[in-house]
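Here are my notes for you, as numbered points. Have a look at the structure first, then read on with it open beside you.

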Amino acid sequence: SLLHRAKKNQTMSTGKPFKVIVTHPEVPQEGLDILKEHCEIIQVNSLPTNRAELLEKIKGVDGAFWGGHEKLNAEVLDAAGPQLKSVSTMSAGIDFVDVPELKKRGIPLGHTPTVLNTAVADLAVGLVIAASRRFQEARKKIDTDNWENYHLNWLLGQDIRDSTVGFYGFGGIGQAIAKRLLGFDIDQVLYTTRRRVHKEIEEELKAKKVDFDTLLAQSDFIVIASPLTADTQGVFNATAFNKMKETAILVNIGRGKIVNQDDLYEALKSNRIFAAGLDVTDPEPLAPTDKLLTLDNAVVLPHIGSATKRTRAEMATIAAHNVLRGLAGEPMFSPAY
Ligand SMILES: O=C(O)C(=O)CO
């Protein structure tokens, strides 16, 4: 057990059996407190992360609590050394991790899905509303003194009720979004994933698995809720946009690179699709001069999907438990593979 090992391995200096790097100075206290019971914590202070500091401090650690989206690759694993036996990110997405490198070295990896489902889903609903009801364009009307509500057709948007909502990726986050949108009286849910979800979930969420072309053609709203992988990168390109309804709204809370952003810009600019609501972009940070930000029909947020106080604390808690489990040679609380 962890405690047994803890007693056996106690170091003279701190009395703690394991050394763990925490790669970010702002990790919530809830996570640090859990680690502290059994581990000596070595924390990276720089922000944005100074790679040199990270590479220096990771030398000789037993575990790594990966607090940000800093690249986790062979370089850092080499710097850490062969004793490293437990790593967890504090994120759902692990696209910044070189998974084959970790697997090759037999290092278990944890991440923190599930606890952020509701926070991200709430934000996605916000983007569905903001994009369909033209928040960006509407706000500009006030700023530019163009308040013209004497027109009856001023700033008319798309309804959510009776719509078909299509999900590209239908895991915990996608399902939480669907559950919320059913409260807006949508007509049906379509989804495209590699694996079909459980029948009971399909029934509860009025969801039907379809192929990608059907998803594009039939959806009034398309929500991207998949991880970024070699298979999903750039899938939403001009070809895809040309198969969508002209009234369609695209929402992306997954990863920016799943969308070809130049193609999206063209599709929005030419009104080939109605609007987009994006919490994730390519790149991040997005330059303030990016052409995407000049569009009236794009609502763009700076990747704040999981950014609530409670969710961050829960992510830190899960990540800390993942690291401790790995150190104890037990299965991670939420393993990434
Ligand atoms: O957890 C993730 O993957 C996010 O993008 C938000 O932190």
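**Notes on strands, ligand and loops**

1. Strand β10 (residues 249-252) pairs with β11 in the parallel sense, over 4 bridges. Pairing here takes at least two DSSP bridges between two strands, and strands (E, at least two residues) and helices (H or I, at least four residues) are DSSP runs numbered from the N terminus. Across this pair, Ile-249 stands opposite Ala-275 in β11. Within β11, Ala-275 and Gly-277 point one way, Ala-276 and Leu-278 point the other way, and all are buried. Buried means under 20% relative accessible area, exposed means over 50%, and partly exposed is in between (1.4 Å probe, protein chains only).

2. Before going further, a word on the ground rules: this is a predicted model, where local features need pLDDT of at least 70 and side-chain atom pairs count only at pLDDT 80 or more, while totals for chains, interfaces and linings use all residues. Residues are numbered from 1 along each chain as its sequence is written, and side-chain values use heavy atoms, with hydrogens and water left out.

3. There is also an open sheet of 5 strands, parallel in its pairing, with the order β2-β1-β3-β4-β5. What stands at the edges? That would be β2 (39-43) and β5 (109-110), each with a single partner strand, so one side of each is left without a neighbour in the sheet. In general, strands of a sheet pair through backbone hydrogen bonds, either parallel or antiparallel.

4. Now for β3 in that sheet. Strand β1 (residues 18-22) runs parallel to strand β3 (residues 63-66), and 3 bridges join them; Ile-21 stands opposite Ala-64 in β3. With strand β4 (residues 86-89), β3 pairs in the parallel sense over 4 bridges, and Gly-63 has Ser-86 in β4 as its bridge partner.

5. Which way do the β3 residues point? Gly-63 and Phe-65 go one way and Ala-64 and Trp-66 the other way, and all are buried.

6. On to the ligand. Around it are His-69, Ser-91, Ala-92, Gly-93, Leu-116, Arg-255, His-303, Ser-306 and Met-315, a residue being near if one of its heavy atoms lies within 4 Å. By class, this shell has 3 nonpolar, 5 polar and 1 charged residues. The classes count Ala, Val, Leu, Ile, Met, Phe, Trp, Tyr, Cys and Pro as nonpolar, Asp, Glu, Lys and Arg as charged, and the others, Gly among them, as polar.

7. The protein buries 89% of the 230 Å² that the ligand exposes when taken alone. For reference, a polar contact is a pair of N or O atoms within 3.5 Å (within protein, one must be able to donate a hydrogen and the other to accept it, and residues adjacent in sequence count only if both atoms are side-chain atoms), and areas come from the Shrake-Rupley method with a 1.4 Å probe, where for residues only the protein chains shown count as cover.

8. His-303 sits in the loop between β12 and α13, and has a phi near 55 degrees, a positive value in a residue other than glycine. With a relative accessible area of 26%, His-303 is partly exposed.

9. Gly-305 is in the loop between β12 (298-300) and α13 (309-327). Buried or exposed? At 5% relative accessibility, Gly-305 counts as buried. Gly-305 and Leu-123 are 182 residues apart in sequence, yet their C-alpha atoms are 5.8 Å apart. Not counting residues up to four places away in sequence, Gly-305 touches Ala-119, Val-120, Leu-123 and Asp-279 (contact means heavy atoms within 4.5 Å).

10. Last, some backbone geometry to check. Cis peptide bonds join Leu-47 and Pro-48, with omega about -10 degrees, and Asp-282 and Pro-283, with omega about 5 degrees. Pro-283 lies in the loop between β11 (275-278) and β12.
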